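Subject: Structure handover

Hello,

Here is the structure I promised to pass on. Please open it alongside the sequence. My notes follow below.

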Amino acid sequence: SPRHEPEHHDHGPHHSDDPTYTETWYWQSIDTESRSVYWIHCTWLPAQGRGQHTTAVITPDGTRRQRFDTIEPFRSPGATIEIIEPWRRVHLRSELFDVDLEWQAFHPVIDFGTLLHFNQTASLDHYEGGGRGHGTIGGRPHSGGGFRDRSFGPRNMRTMGKGWAFCAVGLDEDIFLAYNAMRSEERRVGK
């Protein structure tokens with residue numbers, strides 16, 4: 001059915017009455033030549049009709065990070081997101097951060113299947129992919145590689161372990177490599 005096709009899941013949030021059901025979208029672009037980075041993480045709680053945008057801009061002039069509460073999944077005081085073509089193209093803008101980028105995928109989206117289905121209270125569908133952002137940051141040209149991800153489902157973080165790490169590396173090639181090391185609370189690492 002169309003509901004189970006990846007294209008359906010990139011348009012906008014699903015409906016849920018579960019207060020722990022969480023939608024997330026993330027895009028990143030790293031330009032090694034201009035030494036500029038933009039990333040945005042969007043969280044949406046459909047049962048509560050609210051979410052957050054956390055955004056960062058890194059340039060040789062410094063780093064700016066800020067979180068914004070929102071009542072619209074793709075619009076906040078810090079960002080406007082327009083999905084032009086699901087999984088392939090998105091327009092990322094921020095007047096506050098002076099960002100105007102079109103992010104384009106360079107390969108088909110990767111479906112993680114049931115990898116993040118830990119239990120009934122933490123069971124996420126998850127998609128990732130590599131791409132490039134083209135446009136301007138701070139009025140300067142930006143053309144950088146990066147990745148995006150999208151996940152949704154019940155997300156009781158208390159059952160998903162206590163250790164998290166995130167690392168991003170900028171490359172000048174269209175290469176996408178993702179590494180996730182996670183465990184649920186009931187699984188022990190080592191002995």
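A word on naming before the notes: helices and strands are DSSP runs, numbered from the N terminus, and a strand needs at least two residues. By that naming, Asp 98 sits in the loop between E7 and E8. Please keep in mind that this is a predicted model.

Confidence

Mean pLDDT for the protein is 81. Of its residues, 74% reach 70 or more. One stretch needs care: over residues 159-166, pLDDT stays under 50. The model has 22 contacts beyond four places in sequence for residues 159-166. Where pLDDT is low, predicted coordinates should not be read in detail.

Aromatic pairs

The count comes to six aromatic pairs. Among them is Tyr 26 with Phe 147, whose ring centres are 5.3 Å apart. Their planes meet at 40 degrees, so this pair is tilted. Tyr 26 belongs to strand E1 (residues 21-31) and Phe 147 to strand E13 (residues 140-154), so the pair ties together parts 121 residues apart in sequence. Tyr 26 and Phe 147 are each buried.

Phe 68 and Phe 97 make an edge-to-face pair. The distance is 6.4 Å centre to centre, with 90 degrees between the planes. Phe 68 is in strand E4 (residues 62-70), while Phe 97 is in the loop between strand E7 (89-94) and strand E8 (99-105). The pair therefore ties together parts that are 29 residues apart in sequence. Phe 68 and Phe 97 are both buried.

Two further points on the rings. Tyr 26, Trp 39 and Phe 147 are linked into a cluster by ring pairs. Arg 64 lies over the face of Phe 97, at 4.4 Å from the ring centre.

Backbone

Which residues stand out for phi? Most residues other than glycine have a negative phi. Asp 98 is not a glycine, yet its phi is positive, at about 55 degrees. The loop between E7 and E8 that holds Asp 98 also holds Phe 97. Asp 98 is partly exposed, with a relative accessible area of 40%.

Arg 35 also has a positive phi without being glycine, near 55 degrees. Arg 35 is placed in the loop between E1 and strand E2 (36-45). At a relative accessible area of 59%, Arg 35 is exposed, because the cut-off for exposed is over 50%.

Best wishes

Definitions and conventions
Residues are numbered from 1 along each chain as its sequence is written. This is a predicted model: local features need pLDDT of at least 70, side-chain atom pairs count only at pLDDT 80 or more; totals for chains, interfaces and linings use all residues. Side-chain values use heavy atoms; hydrogens and water are left out. Rings of Phe, Tyr and Trp (its six-membered ring) pair if their centres lie within 6.5 Å; planes under 30 degrees apart count as stacked, over 60 as edge-to-face and the rest as tilted. Helices (H or I, at least four residues) and strands (E, at least two) are DSSP runs, numbered from the N terminus. Buried means under 20% relative accessible area, exposed over 50%, partly exposed in between (1.4 Å probe, protein chains only). A charge sits over a ring if NZ of Lys or CZ of Arg is within 6 Å of the ring centre and within 35 degrees of the ring normal. pLDDT is the predictor's confidence in each residue, from 0 to 100. Contact means heavy atoms within 4.5 Å.
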